[in-house]
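Take a look at the chain below.

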Amino acid sequence: MPEVVVRSTENGPNLVVLDGKVVAALCRCGGSSKKPYCDGTHRKNGFQAAAAEVKVL
Ligand code: FES
């Protein structure tokens with residue numbers, strides 16, 4: 001069974017990690033022009049959030 005983890009990076013996106021490989025970076029700052037994906041805007045808009053990790057499967 002594949003392992004799926006959502007890793008919230010410090011001051012950055014939520015990474016979807018499948019079997020140890022990042023398969024998507026999802027915006028959580030609200031500033032991306034490519035939602036739902038992160039486009040790096042969080043580095044410019046002052047977004048701050050703690051890191052966290054949740055194992056989904
Ligand atoms: S988290 Fe990267 S642009 Fe929003």
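**A walk through the chain**

The chain exposes about 3,900 Å², and carbon and sulfur atoms supply 54% of that area. Accessible areas come from the Shrake-Rupley method with a 1.4 Å probe; for residues, only the protein chains shown count as cover. This is a predicted model, where local features need pLDDT of at least 70 and side-chain atom pairs count only at pLDDT 80 or more, while totals for chains, interfaces and linings use all residues. Residues are numbered from 1 along each chain as its sequence is written, and side-chain values use heavy atoms, with hydrogens and water left out.

Start with the overall extent. Along its principal axes, the C-alpha trace spans about 40 × 20 × 15 Å. Of the 57 residues, 26% count as buried. Buried means under 20% relative accessible area, exposed means over 50%, and partly exposed lies in between (1.4 Å probe, protein chains only).

Now the elements. The chain has zero helices and four strands. Helices (H or I, at least four residues) and strands (E, at least two) are DSSP runs, numbered from the N terminus. From the N terminus on, the order reads β-β-β-β.

How are the strands arranged in the sheet? They form an open sheet of four strands in the order 3-2-1-4, with antiparallel pairing. Strand 3 and strand 4 are the edge strands, and each pairs on one side only. From one strand to the next, the twist averages 20°. For such angles, axes are lines fitted to C-alpha atoms, for helices over the stretch in contact, and angles run from 0 to 180 degrees between N-to-C directions. Two strands pair if DSSP finds at least two bridges between them.

Follow the pairs along the chain. Strand 1 (residues 4-8) pairs with strand 2 in the antiparallel sense over five bridges. V5 has V17 of strand 2 as its bridge partner. R7 has L15 of strand 2.

Why is strand 2 largely enclosed by the rest of the structure? Four of its five residues (residues 14-18) are buried, so strand 2 is largely enclosed.

Next, look at A25 in strand 3. A25 counts as partly exposed, at 25% relative accessibility. A25 touches P13, N14, L15, P36, Y37 and C38, not counting residues up to four places away in sequence. Contact means heavy atoms within 4.5 Å. A25 and Y37 are twelve residues apart in sequence, and their C-alpha atoms are 5.7 Å apart.

Move on to H42, in the loop between strand 3 and strand 4 (52-55). Is H42 buried or exposed? H42 is buried, with a relative accessible area of 11%. With residues up to four places away left out, H42 touches N11, G12, P13, C29 and F47. The C-alpha atoms of H42 and G12 are separated by 6.2 Å, though the two are 30 residues apart along the chain. Across the chain, residues 24 or more positions apart account for 36% of the contacts with a separation of 6 or more.

Charges come next. Side chains of opposite charge can pair when their charged atoms come close. A salt bridge is a side-chain nitrogen of Lys or Arg within 4 Å of a carboxyl oxygen of Asp or Glu. By this rule the count comes to two.

K55 lies in strand 4 and E3 in the segment before strand 1, so the pair ties together parts that are 52 residues apart in sequence. K55 is exposed, at 56% relative accessible area, while E3 is partly exposed, at 36%.

Another salt bridge joins E53 and R7, with the closest N and O atoms 2.7 Å apart. This pair links distant parts of the chain, with E53 in strand 4 and R7 in strand 1, 46 residues apart. R7 counts as partly exposed, at 33% relative accessibility.
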